[in-house]
Structure formats: C-alpha cells, structure tokens
Amino acid sequence: MKTTPSHPPTFPKIINYLRTTITTGTAGEKENIMQTLLKQAMEASLAGAREIMDVYENSDFQVQTKDDNSPLTIADLRAHNAIKDLLEKTGIPILSEEGTDIPFAERSGWVRFWLVDPLDGTKEFIKRNGEFTVNVALIEKGSPVLGVVYAPVLNQIYYGDLEDGAFMGKEVTAAETLNAIPGKSVKLPVAYERETFNVVASKSHLNQETKDFIADIEKESDKPVDTVSIGSSLKLCLVAEGKADIYPRFGPTMEWDTGAGHAVVRAAGKKVFQADTDHELQYNKENLLNPYFVVK
C-alpha cells in the first residue's frame with residue numbers, strides 16, 4: 001500500500017464522487033479514492049478486532065446459536081457494530097453477516113457496497129486456535145475491488161485493491177496505527193521455493209468431490225501434491241500469498257465468507273472461479289449462497 005496522500009479526500013468528497021462510480025474519473029482521482037477507502041476498511045477491521053480480542057481474552061464469553069445452528073458470540077456483534085460505525089462514514093451501504101436482513105429489492109439497486117464478516121471462523125474462535133479473521137470488502141458491480149482480511153491472534157493482515165496490488169503484513173496488532181502497517185508488509189504473491197504442489201484442503205474432513213479433485217491434480221502434477229489446512233478466509237489468502245497453488249471449495253459458503261479474501265486474491269493477480277467454469281464468483285445475488293469454487 002502506498003503512503004497516505006498529502007491531501008486525502010474527505011468523506012463528503014468521496015460520497016459525492018461515488019454518486020457516479022469509482023471506475024470513472026482520472027486515474028489519479030480513482031487511485032486516491034481507492035487508497036482512502038482501503039485505509040477505512042483497514043481501520044474498521046482493526047476496530048472490529050479490538051472488540052473481538054476483548055471478548056477472546058475473557059474466558060467467560062457466551063455462545064448463542066443462530067437459526068442455521070451456527071455459533072454466534074458477543075464478539076461477532078461487538079465487532080459488527082464497531083465496523084459499521086466506521087464504514088457508515090463513507091456513505092456506502094453495508095451488507096454484514098450480523099446486520100439486519102436487507103431485501104434484494106433494495107440491494108439490487110446498489111452499484112457498490114461494503115461486504116463484511118465481522119468474525120469469520122466462529123468455531124475457530126470458540127476452540128481458541130487463533131485461525132479466525134475480520135473481513136471487509138468493497139464490492140463494485142458484483143465484483144470485489146478491495147479487501148482486508150485480518151487475523152488478530154496471528155497478528156497477520158492481508159489487504160489490497162486492484163490499483164496497488166495485494167500485501168501481507170506481519171506482527172500487526174489490533175492496536176497498530178495504519179501508517180505503521182506498510183513498513184511491516186510485503187507485496188503478494190511471495191516467490192516461495194517449494195518442492196510440492198500445495199492444495200488447500202482439510203486433512204480430516206475431505207468430501208469425495210475434493211478427494212477426486214486432488215486425485216486429478218496428482219495425476220497431472222510433476223511435483224508431489226501436499227495439502228495445507230487453515231481456518232476461515234485465510235484459506236483464500238494462502239493462495240494469494242503463494243503458500244498454496246489452489247484451493248477447491250466443494251462445500252457451502254456465503255458471500256461474506258469470501259468477499260474480502262477474493263479481493264486480496266484478485267489484487268494478487270489470481271482468481272476465484274465458479275467450479276467447472278471460467279467465470280469468477282459474483283456478489284450481491286438474490287441468494288447470497290456461493291456456488292462451489294476454485295481459487296488459483
């Protein structure tokens with residue numbers, strides 16, 4: 001990420017600019033707007049993470065169950081509120097996993113919107129393995145154009161946009177200042193030297209479709225095929241980073257599960273394809289359930 005512009009646009013100016021589209025205007029105007037929005041997404045992610053960590057470090061946090069039987073903690077709700085408070089300043093509508101249901105009749109008129117998962121990997125949160133994330137993405141005409149994935153226990157952040165590319169920052173705490181993050185970051189993908197072809201997949205919960213997909217890779221690869229596993233949206237980030245070559249997902253996910261990671265993947269020059277097609281995942285569908293997909 002580039003340094004902060006000497007005169008970053010104010011939010012009223014951004015709101016006025018976005019009444020048309022961020023893909024219009026001069027290249028300099030667009031870049032300036034995108035940098036400001038990315039910084040706002042990063043600030044919101046860190047704010048959400050601070051709320052999460054305050055709960056995470058309290059061993060008595062409560063767990064509820066949502067209608068689909070997935071776990072929900074007070075951390076999800078606190079993070080949602082903190083993120084919403086900051087993103088609302090941009091004047092861009094927000095679609096969050098923990099927000100109020102927004103009818104498609106209203107959403108269908110959105111040219112762009114913030115897509116938020118305040119706490120992706122609630123099961124990892126409850127198990128305390130640290131592999132959960134805060135996710136904020138900006139969706140433009142159905143495609144992610146910038147995103148932030150922050151893992152507060154791992155002190156690791158992935159972020160990027162289609163103008164400046166993708167980056168990974170290490171040793172980034174939830175109390176970090178935005179100006180300090182670029183100095184702790186490297187551009188993605190990283191050129192790791194590996195002797196294996198790495199597939200992101202769970203070693204303990206492989207369904208048959210994923211097993212068959214990996215078997216086909218093993219037949220065609222000139223390298224040994226290995227599997228790597230991690231929780232939440234960090235799976236997409238492993239491909240963006242270069243630690244993994246491919247991530248097949250033959251199981252249910254929602255748009256907020258993938259939006260921020262997808263943005264980082266795109267910023268790193270890679271793609272998230274709908275399975276068995278050459279079409280990328282699309283967002284703001286009437287049904288927010290994603291089709292199966294492959295990241296590569």
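## Strands β12 and β14

Y247 has V295 in β14 as its bridge partner. Three bridges join β12 to β14, and the two run antiparallel. Strands here are DSSP E runs of at least two residues, helices are H or I runs of at least four, and both are numbered from the N terminus. Two strands pair if DSSP finds at least two bridges between them.

This is a predicted model: local features need pLDDT of at least 70, side-chain atom pairs count only at pLDDT 80 or more, and totals for chains, interfaces and linings use all residues. Residues are numbered from 1 along each chain as its sequence is written, and side-chain values use heavy atoms, with hydrogens and water left out.

The open sheet has three strands in the order β12-β14-β13, with antiparallel pairing. β12 (247-249) and β13 are the edge strands, each pairing on one side only. Neighbouring strands are turned by 20° against each other on average, direction ignored. Helix α7 (residues 234-241) packs on this sheet and touches β12, β13 and β14. Its direction makes about 150° with that of β12. Contact means heavy atoms within 4.5 Å. Axes are lines fitted to C-alpha atoms, for helices over the stretch in contact; angles run from 0 to 180 degrees between N-to-C directions.

Eight of the eight residues of α7 are buried, so the helix is largely enclosed by the rest of the structure. Buried means under 20% relative accessible area, exposed over 50%, partly exposed in between (1.4 Å probe, protein chains only). G242 follows α7 with a positive phi, near 105°.

## N284

N284 is found in the loop between β13 (272-274) and β14 (293-295). At 11% relative accessibility, N284 counts as buried. Not counting residues up to four places away in sequence, N284 touches F104, R107, S108, W110, F113 and E255.

## Aromatic pairs

The whole structure holds eight aromatic pairs. Rings of Phe, Tyr and Trp (its six-membered ring) pair if their centres lie within 6.5 Å; planes under 30 degrees apart count as stacked, over 60 as edge-to-face and the rest as tilted. The ring centres of Y56 and F132 are 5.2 Å apart with planes at 55°, so this pair is tilted. Y56 lies in helix α2 (residues 27-56) and F132 in the loop between α5 (122-127) and β5 (133-140), so the pair ties together parts that are 76 residues apart in sequence. Both Y56 and F132 are buried.

Y159 and F167 form a stacked pair, 5.5 Å centre to centre with 20° between the planes. Y159 is buried at 0% relative accessibility, and F167 is buried at 13%.
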